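My notes follow the structure.

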Amino acid sequence: MNRNLLFKLGAIALLIVLLLIPLLMIHGVITDRQQLRDDVLQDIARSSSYSQRLNGPVLVVPYRKTVREWKLNEKLNERYEETREVRGHLYFLPEQFALDGQVQTEVRARGIYQARLFHADSRISGRFVLPEQLGIKEHFADYRFDPAYLAVGISDIRGIENALKLELGSQQLAFSPGTQVAWLGEGVHVMLPEQDSQKPAPFDFAFDLRLQGTEQLQVVPVGKTSQVKLASNWPHPSFIGNFLPTQREVTAQGFSAHWQTTFFSTNLEEALSSCLAERGCDDFNSRSFGVSFIDPVDQYLKSDRAIKYALLFIALTFAGFFLFEVLKSLAVHPIQYALVGFALAFFYLLLLSLSEHIGFGPAYLISAAACVMLIGFYVCHVLRSVAHGLGFSAALAALYGLLYGLLSAEDYALLMGSLLLFGLLGTVMVLTRKLDWYGVGKRKEVGDE
């Protein structure tokens, strides 16, 4: 192989490496814009309400226990009884828990950035069945009980949009701020009427909760049997947490989902015991499920994925350029390669800036069309042939179409990319099957003379 051909191949390789500099700079711009968008979304959530997690209700029974201890008076050599009072709480989870919620979403905008808020209008109901003597098997007479209360953990109480009232039979009891239970975090509580502590009667409860939040709504299934139903006008849900819905339906108008769990699957009683034994309550609080109201078209994520293919895209375009050069015995200067490479790199900056205003799909179409037309016009003059220029433009447009397919079909991106590369390799091999590579540079040298 002659020196001219080696020089050309080396120059092309060096250009591809140098084009990494503007590509890395554009990737940095994508990262900065994404971080700015996330900061704005957090600021919107900070001024309204964050993601919401509903934990409860939990029945709390405060108690005072008289503890008796026998001690020895060493001077008199007599034993005496010493008593002291110990305070604590008993915690009970509901026998049945049900939540039926309707969720509506809305968009809050700040500049060019948008945050998606939700408003969940939920009916929460259930039933408590307490054991005899509240499960205390020894020294029950030493216990004195204060009024019990229901505590409901709500991760961001700023999102509560209604006056909460507990429906207890024919009574309606007003909730008060705070759970009074440290491991439940923020929330509300309501004092309950006094009951016979030796034989507490089962009771049903219900209340309506209108809750605002951003991004995610999660529920901890606190009941021995729990049923949660959510329906929304948001057509792009992402179901999250430890349990997937047993039934779900997603349409263009929205979604509906139904979860059903028992203590056999959640093991919440053991998690609560570990929490009360001060071994940490993260296990109890994390056993939740719910839905994330995600935006399916994240222009920054797709722009970031697109630029990861940039080097391959430039290499394929240069390879096509080089094929025209060797097959048609044309001379293309490295500067002309560089100008085409910069036009390909500028595509990603156009894509990012336009997608912030008109969405990723239209931005991709406009950016790709602009680059194809610019490069096509330039190549027509470089190759000294309108037909060759149009053929190159068509091949470049096909590459942009395949790249969009790779970005859209995330699950099949590897398969599509592998087939694309194999097909391109096969095309190159077919086109150059009869090419005398040793004679490529010699023909050019003769022509130069």
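Below are my entries on the model, the helix and the rings.

The model is predicted, so I took local features only at pLDDT of at least 70 and side-chain atom pairs only at pLDDT 80 or more, while totals for chains, interfaces and linings use all residues. Residues are numbered from 1 along each chain as its sequence is written, and side-chain values use heavy atoms, with hydrogens and water left out.

I checked helix H8 (residues 334-358) for length. Helices (H or I, at least four residues) and strands (E, at least two) are DSSP runs, numbered from the N terminus. The expected span is 1.5 Å times one less than the number of residues. For the 25 residues of H8 that gives 36 Å, and the end C-alpha atoms are 36 Å apart, which agrees. After H8 comes Gly 359, with a positive phi near 95°.

I then turned to the rings. Rings of Phe, Tyr and Trp (its six-membered ring) pair if their centres lie within 6.5 Å; planes under 30 degrees apart are stacked, over 60 edge-to-face, the rest tilted. I found 23 aromatic pairs in the structure. Phe 239 and Phe 255 have ring centres 5.8 Å apart and planes at 85°, so I logged the pair as edge-to-face. Phe 239 lies in strand E14 (residues 237-241) and Phe 255 in strand E16 (residues 254-262), 16 residues apart. Both Phe 239 and Phe 255 are buried (under 20% relative accessible area; exposed is over 50%, partly exposed in between, with a 1.4 Å probe and protein chains only). Both also belong to one aromatic cluster with Phe 118, Phe 243, Trp 259, Phe 289 and Phe 293.
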